[in-house]
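Please keep the sequence and the structure in view while reading.

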Amino acid sequence: MKKRILALLLAFCLLLSGCASLLERPYTVVEPHTEQPAVGEDPSTLRVESYSELVGAVLYLVSQCQEEGRVQLVDYDGDVEDALNRACLEVAREDPLGAYAVDFIKNDYTRILTTYEANIYISYRRTPEQIRALVNVTGASAIRREVGEALSAFQGELALRVAYFVGDAASIAELVHQAYYDTPAAALGMPAVEIALYPDTGIQRIVEILLTYPGDAEALRRKSAELTDAAQALVLPLQAQRYSQNGRLGLLMDLLPQLAAERAPSGADGSAHSTAWDALCGGGADSEGLALAVQLLCDQMELPCAVTEGTLAGEARFWNTITVNAVEYQLDAFADEPAPRSSTDFAALGYAWEGQPEAGGIIPAENSKIET
């Protein structure tokens, strides 16, 4: 009994050390326990007494990226060969980690008096680094935030273990789309996205997202840094944080003439101008690029803002939804006379977007109020 308690304490300590980096994220959740089973007299041997403990032992070996392991079945009541085969198959096909990481698992066993000693052999299709890089999250907002961080770093691969998963590949693709517009400094061309789910069904699954960017990652990082510097150069002299939200909006409106000086509709010269870099560092941008530039400037000024995608008179259009004193307003920087308008007035001009909220009035572009 003492040995079993000591083994459990050791397992708990190992789990804490392995999960420390994950717990640093306030919006992640701890992975379902993959506890180390009790060990036998030989510390390299895992000791189990039931089928559920056998499954846990095999899964523990996978979580530790071990290619071989030994499991001792003690006082096991049932068909040992069948149990071993079923446990290996369950881990490889039904558990999210196994379905994601394992190629195949095989086993053999021998009987020693009243116990059985089984050897487990595991072949992986993922590297140990890929397995250890798994991030545990719960909820769409956490997925969107993790994707945003990957996009900001121009990361090509992201694997998330999602608790209580109720979506599908299409819903993940939409979150990637949204995260792209959440990260205007890195939105330098929408990446191609490939999504895989492990296993095919279930409420706990691993989501693998592969991102292919329109250019070399290092070159994009340099371009992103140049864009961020340009945005900071515009905003920092204004000391925008000293102003009320109305005042910050006024500062933004003062910057719009510089932004929209050279509007460049997509395709005007045979190419798109759909990034904030085009607006702030290039020769001008279309409505998408200007909306991303406004988003970036609002982020710098800590003014709540989001890129909104919709239509104007039936044509695709991008603009910004800006929140001032808990009320949402619409601002189209690509318009001939841009002004922050209520959603009702905006819709009356021919704009349409999903989930149009009701609001009222036009915000005065004042910048004289200083918070005290």
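A salt bridge is taken here to be a side-chain nitrogen of Lys or Arg within 4 Å of a carboxyl oxygen of Asp or Glu. With that cut-off, a search of the whole structure, which is a predicted model, finds 7 salt bridges. In general, side chains of opposite charge can pair when their charged atoms come close.

The chain has 372 residues, of which 46% count as buried, and its secondary structure consists of 12 helices and 13 strands. Among the contacts in the chain with a separation of 6 or more, 61% are between residues 24 or more positions apart. The accessible surface comes to about 18600 Å², and 51% of that surface belongs to carbon and sulfur atoms.

One of the salt bridges joins the side chains of Asp 82 and Arg 86, with 2.8 Å from N to O. Both residues belong to helix H3 (residues 80-93), where they are 4 residues apart, about one turn of the helix. Asp 82 counts as partly exposed because its relative accessibility is 37%, and Arg 86 is likewise partly exposed because its relative accessible area is 39%.

A second pair is formed by Glu 208 and Arg 126, whose closest N and O atoms are 2.7 Å apart. This pair links distant parts of the chain, since Glu 208 lies in strand E9 (residues 205-212) and Arg 126 in the loop between strand E5 (115-124) and helix H5 (128-132), 82 residues apart. Are these two residues buried or exposed? Buried means under 20% relative accessible area, so Glu 208, at 7% relative accessibility, counts as buried, and Arg 126 is buried too, because its relative accessible area is 13%.

Arg 47 leads on to the strands, for it stands opposite Gln 72 in E3. Strand E2 (residues 45-48) and strand E3 (residues 68-74) run parallel and are joined by 4 bridges. Together with helix H2 (residues 51-63), E2 and E3 make a right-handed β-α-β unit. Thr 115 lies in strand E5 and counts as buried because its relative accessibility is 14%.

Elsewhere in the chain, an open sheet of 4 strands is arranged in the order E12-E11-E10-E13, with antiparallel pairing. Its edge strands, each pairing on one side only, are strand E12 (327-331) and strand E13 (351-352). Within the sheet, strand E10 (residues 305-312) and strand E11 (residues 315-324) pair in the antiparallel sense over 8 bridges, and the bridge partner of Glu 309 in E11 is Phe 318.

The interior remains to be described. In soluble globular proteins, nonpolar side chains tend to be buried together. Here the largest nonpolar core has 62 residues, and those with the most contacts inside it are Ile 143, Val 147, Ile 209, Leu 252, Leu 259, Val 294 and Ile 322. Helix H11 (residues 287-301) gives the most to this core, with 9 residues. Apart from this core lies another, of 37 residues, which includes Val 80, Ile 122, Leu 134 and Tyr 198.

Which residues does Val 294 touch, not counting residues up to four places away in sequence? Val 294 touches Leu 252, Leu 256, Leu 259, Cys 305, Asn 320 and Ala 333.

Finally, helix H9 (residues 245-259) holds Pro 257, which counts as exposed because its relative accessibility is 54%. The C-alpha atoms of Pro 257 and Glu 337 are separated by 9.8 Å, while the two residues are 80 residues apart along the chain.

Technical notes
Residues are numbered from 1 along each chain as its sequence is written. This is a predicted model: local features need pLDDT of at least 70, side-chain atom pairs count only at pLDDT 80 or more; totals for chains, interfaces and linings use all residues. Side-chain values use heavy atoms; hydrogens and water are left out. A nonpolar core is a set of buried Ala, Val, Leu, Ile, Met, Phe, Trp, Tyr and Cys residues joined through side-chain atoms within 4.5 Å. Buried means under 20% relative accessible area, exposed over 50%, partly exposed in between (1.4 Å probe, protein chains only). Helices (H or I, at least four residues) and strands (E, at least two) are DSSP runs, numbered from the N terminus. Contact means heavy atoms within 4.5 Å. Accessible areas come from the Shrake-Rupley method with a 1.4 Å probe; for residues, only the protein chains shown count as cover. Two strands pair if DSSP finds at least two bridges between them. A crossover is right-handed if, with the strands pointing away from the viewer, the path from the first strand over the helix to the second runs clockwise.
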